[in-house]
Amino acid sequence: MNYLSVENISKAFGELELFSNISFGINKDQKIAFIAKNGTGKTSMLNIIAGLDSSDTGQIVSRKDLKIEYLSQEDALNDALTVEETIFDSDNQTLKVIEAYEHALLHPEDEKEYQRAFEKMEQLNAWDFETQFKQILFKLKLDDLTQKVGDLSGGQRKRLSLALILIHKPDLLILDEPTNHLDLEMIEWLESYFEKEKITLFMVTHDRFFLERVCNEIVELDNGGFYTYKGNYSNYLQKKEERIEQEQATVDKAKNLFKKELDWMRRQPKARTTKSKSRQDDFYVIKEAASKRRNDHKVQLEIDMARMGTKILELHKISKSFGDLKILEKFEYNFLRGERIGIIGKNGTGKSSFLKIITEEIPVDSGKVVVGETIKFGYYSQDGIVIKPGQKVIEVIKEFGEFIPLTKGRKISAAQLLERFLFSRKRQYDFVEKLSGGERKRLYLCTVLIQNPNFLILDEPTNDLDIITLNVLENFLLDFPGCLLVVSHDRYFMDKIVDHLFVFRGDGVVEDFPGNYSDFRVYEDSKPKEQAVIIKQLETKEKPVTNKAKLSYKEKKEYDGIEGEIEKLNKKKSEIETQFLDASLSGEEINELSIKLKEISESIDKKEERWFELSSKLEG
């Protein structure tokens with residue numbers, strides 16, 4: 001079933017043409033990713049499809065009464081509302097019924113109101129819906145429903161916006177970088193949610209694992225052409241390579257033919273026959289085909305890294321807290337030459353604060369940070385580039401000098417350096433505020449690298465960068481001879497460039513894990529969970545002080561059986577964990593066991609969440 005058709009749309013801003021005559025369709029249950037370079041109109045395309053902007057030509061035709069929800073980079077939340085009020089501020093009839101029921105629970109003395117609310121819940125079968133949206137809030141760490149939206153952090157606002165569109169269950173979800181501001185645990189949950197749910201998606205994302213596991217079609221805007229690839233990210237890479245090879249073969253053939261026709265044109269007399277006139281017209285078609293070339297300039301990263309001495313960076317029993325929030329407790333580590341460390345952990349565990357402690361932007365409570373005399377940090381922070389009103393792109397680079405030193409005593413001009421970072425001479429004289437989010441990130445990266453650091457500290461460097469720039473950045477970092485410390489939720493990126501991980505567990509606990517993210521995931525999935533810990537988590541979850549509704553017959557039956565199901569699943573889990581002790585297992589067998597273990601762990605989590613939902617309805 002066709003949900004929406006994009007018919008010959010074009011968009012330009014002045015002389016800058018983003019795209020022209022683009023057509024494609026979105027059908028029910030499709031999960032489509034849109035790939036393009038930064039600055040070529042990805043967000044503009046999403047805004048047009050969502051109805052927030054208009055195209056210069058063409059039209060968007062959608063099915064009647066199609067419900068569309070759009071997760072954009074900028075939210076439209078009301079700062080004056082609480083999280084709970086924001087959720088219920090909707091035309092969704094089921095949410096209205098749940099809101100009335102929640103209100104009735106707070107006033108148990110009004111039995112008639114409670115009875116009406118209960119019957120409405122029964123009529124609409126709203127119990128499952130309530131459970132689902134509470135699970136969404138739980139997974140996205142939106143625990144305090146009384147918090148004002150205006151007091152939320154940028155990451156919390158993004159997660160609330162994401163929760164809202166998932167709760168509303170639209171026909172079509174349009175997503176602009178949905179994994180930004182989510183920690184790895186949340187991303188993996190969202191990935192799993194989209195895999196299982198029958199949802200229609202059209203999204204922009206740079207997360208290649210997400211593309212691989214969620215999408216069943218990829219569309220790409222490349223050098224003015226628009227291409228469609230069925231399948232996931234791996235299939236896209238293969239098919240794109242085949243397409244480029246075929247295009248190059250066509251161009252090569254046209255060039256050979258062009259040489260022959262050019263010779264013929266030069267030999268022809270001035271008086272031409274009708275037949276030769278036709279051949280002359282064909283000549284110009286061949287000339288155009290032969291002149292086609294891919295605009296595949298890549299970011300060229302080349303720096304003159306400062307010399308590195310024997311002492312790099314030493315952390316001596318450093319501790320840091322912000323009020324009751326403990327970030328570090330007597331953490332020790334001595335960095336060696338060429339170390340490549342990734343930092344992972346849930347949001348709020350202190351990853352970015354740790355980087356600021358190392359660069360001495362914030363002081364430690366106790367302990368000592370010792371930086372080697374030869375160490376020159378290059379710090380790419382989440383704050384990004386500071387935009388000065390009226391500043392042009394080239395003026396940003398010229399602040400570091402008219403000429404920039406490179407390796408082997410060479411140097412290039414500021415304009416030449418910007419060209420290496422894919423800013424054309426014309427684009428260099430645009431105002432910085434006119435750049436797309438991804439272009440600003442690329443310019444900021446340029447300003448960090450041209451200072452020739454020997455210790456790179458990168459805080460979420462992959463946010464808003466296109467996949468092409470990401471690949472180049474990864475290749476540069478693989479060849480970078482200095483030290484590297486990176487915070488990122490991009491699992492593909494982390495797997496490619498880091499050797500080991502600092503895992504921030506929270507409450508000041510930091511573990512040093514010897515491997516990349518995929519290694520860590522396998523390790524975590526194979527770890528036995530202590531039953532006592534699970535029980536403690538369930539017991540310490542906040543429970544309402546007011547009386548709750550008694551369970552229906554169906555729910556009571558489910559509640560009575562769920563503990564037995566959890567016990568059986570835990571038994572299966574223990575059996576698989578025991579099998580991991582067999583040293584003769586092959587890599588393939590270990591992988592199969594890991595998959596089984598992950599599936600059982602997910603089932604246990606779901607059962608435990610459902611147990612909590614049902615128990616919270618019992619009389620207090």
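The largest cavity has a volume of about 80 Å³. A cavity is a set of points, on a 1 Å grid over the protein atoms alone, where a 1.4 Å probe fits but cannot get out. Its volume is the space filled by probe spheres set on the points. The structure, a predicted model, holds two cavities of 30 Å³ or more. Local features need pLDDT of at least 70, side-chain atom pairs count only at pLDDT 80 or more, and totals for linings use all residues. Residues are numbered from 1 along each chain, and side-chain values use heavy atoms, without hydrogens and water.

Lining residues have an atom within 4 Å of a point. Among them are Phe34, Lys42, Glu177, His206 and Asp466. By class, seven are nonpolar, two polar and three charged. Strand S3 (31–36) and helix H15 (467–479) each supply at least two lining residues. S3 gives the largest share, three residues. Helices (at least four residues) and strands (at least two) are DSSP runs. Domain 1 (2–231) and domain 3 (313–526) both contribute to the lining, so the largest cavity lies between them. The domain bounds come from an automatic or database assignment.

Helix H7 covers residues 184–196. Its 13 residues should span 18 Å at 1.5 Å a residue, and its end C-alpha atoms are 18 Å apart, which agrees. The expected span is 1.5 Å times one less than the number of residues. Ten of the 13 residues of H7 are buried, meaning under 20% relative accessible area with a 1.4 Å probe. These include Trp189, Glu191 and Phe194. Aspartate 183 caps the N-terminal end of H7. A side-chain oxygen of aspartate 183 lies 3.2 Å from the backbone nitrogen of glutamate 185.

Key: Buried means under 20% relative accessible area, exposed over 50%, partly exposed in between (1.4 Å probe, protein chains only). A polar contact is a pair of N or O atoms within 3.5 Å; within protein, one must be able to donate a hydrogen and the other to accept it, and residues adjacent in sequence count only if both atoms are side-chain atoms. On a 1 Å grid over the protein atoms alone, a cavity is a set of points where a 1.4 Å probe fits but cannot get out, and a pocket is an open set with protein on both sides within 12 Å along at least five of seven lines; lining residues have an atom within 4 Å of a point. Ala, Val, Leu, Ile, Met, Phe, Trp, Tyr, Cys and Pro count as nonpolar, Asp, Glu, Lys and Arg as charged, and the others, Gly among them, as polar.
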